Amino acid sequence: MPVPTWRGGAERVKGISGVFTACEDFVMASGFKITPEHIALMKDVLIEHVPHAKALGMTVVNAAPGEAWLSVPYAENLVGNPETGVIHGGVITSLLDNACGIAVQLALPERMSIATLDLRIDYMKPATPKLELMSHTHCYKVTSSIAFVRGTAYHSDEADPIATCVGTFMLSANRSMPMTPEAAAEAMALFAQKKGGAA
Amino acid sequence: MSAETNMPDIEALMQAIPYARWLGITIDQRGNEITTVLHFSQKLIGNPVLPALHGGVIGAFLETTAIAQLAFEAGAGPLPKPIGLTIDYLRSGKPVDTYGRAVITKQGRRVATVHAEAWQEDRARPIAAAHGHFLLKAADEPAEK
């Protein structure tokens, strides 16, 4: 399987089964092998239990070791310039931040808590109104405590980016246990209870 | 312009931005000081376990804070467009209201450099800081001054 580069060229495979075939033989340097369960877990934990990602309608379109493709649909409430209908830069920030985090998780041999240290975003052109936002992020280096990521936001052609980003993440940031979907669901329930509202 | 003070009404400008309204950003304007307020709601959460605000939300809030400050100082005209923004995440954002202030470090004719900070309980302990460049006018637009 040709490992997709972050600058495009990666084929967009819909669905987890397609991804699995593409990544079947990929074994991380640490001996960790990515499985469809692993990707399903990422999808579940990292989107379903992240209220903000859910609120934006974020979806993991595709995933590979150290790489993630996410999308956010166009919505009127995300508009930053009412005159033009162009999506707010902040939505792109949220998408890239989240997508970078997922790319880091997909590069790690086990689930651990991570925290964004910094994120730099360059805006190349305004997003086109009514079009879905896509992102491709790639975690290209992991050290014992830091992960390095870069990514692109675009509509359909990654070579024609809306924005690019580079970021660093701290690993084991909160020394918490790796989060399973059950643990995340439990945490959300507790949180909703405490705050007196549905999450 | 508000009738009494002759200062731009940044709150009205903010409320005209659907995304700022959706996030729950309001403006606390005291004289020439602009403080942005990000009102906490469940949908801003990025990590339900801690819980903590989503990094993207904090970035969006800092960007909006910078735009509010620019709109206040530059006056009427098209909204400034972000060119680039670097966000430093300093502490995790608690599930409470967040405040933001921005300082224009350099304002040119076309581009302005802005530094913004966000804090919660203690202004001296910011949760995030950002610095960015904003395009005030495109090259083909005539300069008014």
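Two strands are said to pair if DSSP finds at least two bridges between them. With that meaning in hand, the reader can follow how the chains of this predicted model are joined.

Strand S5 of chain A, residues 114-123, pairs with S5(B) in the antiparallel sense, over five bridges. Two residues of the strand in chain A illustrate this pairing. A:Leu119 has B:Ile87 as its bridge partner in S5(B), and A:Ile121 has B:Leu85 as its bridge partner in that strand. In general, the strands of a sheet pair through backbone hydrogen bonds, and the pairing may be parallel or antiparallel.

The contact between the chains involves 32 residues of chain B and 40 residues of chain A. On the side of chain B that touches chain A, at least two residues each come from helix H2 (18-23), strand S3 (45-47), H3 and strand S5 (81-89). S5(B) gives the most to this side, with eight residues. Sorted by class, this side of chain B has 19 nonpolar, ten polar and three charged residues.

| Strand | Partner strand | Sense | Bridges |
|---|---|---|---|
| S5 of chain A (residues 114-123) | S5(B) | antiparallel | five bridges |
| S5(B) | S8 of chain B (residues 128-135) | antiparallel | eight bridges |
| S2 of chain B (residues 33-38) | S6 of chain B (residues 98-107) | antiparallel | three bridges |

B:Tyr89 stands opposite B:Ala128 in S8(B), while B:Thr36 stands opposite B:Gly100 in S6(B).

Chain A contains five helices and eight strands, which follow one another along the sequence as α-α-α-β-β-β-β-α-β-β-β-β-α. Of its 199 residues, 42% are buried. Among the contacts of chain A with a separation of 6 or more, 64% join residues 24 or more positions apart.

The largest nonpolar core has 83 residues, and A:Leu95, A:Ala103 and A:Val104 have the most contacts inside it. Helix H3 of chain B, residues 55-74, gives the most to this core, with eleven residues. Residues up to four places away in sequence aside, A:Leu95 touches A:Met58, A:Leu70, A:Val72, A:Leu133, A:Ser135, A:Ala153 and B:Gly56.

**Two residues in their surroundings**

Is A:Gly167 buried or exposed? A:Gly167 lies in strand S8 of chain A, residues 163-171. A:Gly167 counts as buried because it has 28 C-beta neighbours inside 10 Å, where 20 or more are required. Beyond four places in sequence, its contacts are A:Cys100, A:Thr116, A:Asp118, A:Leu119 and A:Val149. A:Gly167 and A:Ile121 are 46 residues apart in sequence, and their C-alpha atoms are 8.6 Å apart in space.

B:Val37 is in strand S2 of chain B. B:Val37 is partly exposed because 16 other C-beta atoms lie within 10 Å. Leaving out residues up to four places away in sequence, B:Val37 touches B:Ile25, B:Thr26, B:Asp28, B:Asp97 and B:Tyr99. B:Val37 and B:Pro8 are 29 residues apart along the chain, with 18 Å between their C-alpha atoms.

**Confidence of the prediction**

The model scores ipTM 0.87 and pTM 0.80. Chain B has a mean pLDDT of 89, and 90% of its residues reach 70 or more.

How values were computed: Residues numbered from 1 in each chain as written. Chains lettered and ligands numbered in written order. Predicted model: local features only at pLDDT ≥ 70, side-chain atom pairs only at ≥ 80, totals over all residues. Helix = DSSP H or I, 4+ residues; strand = E, 2+ residues; numbered from the N terminus. Buried ≥ 20, exposed ≤ 12 C-beta atoms within 10 Å, placed from the backbone. Contact = placed C-beta atoms within 7 Å. Core = buried A, V, L, I, M, F, W, Y, C linked by C-beta atoms within 7 Å. Nonpolar A, V, L, I, M, F, W, Y, C, P; charged D, E, K, R; others polar. pLDDT = per-residue confidence, 0-100.
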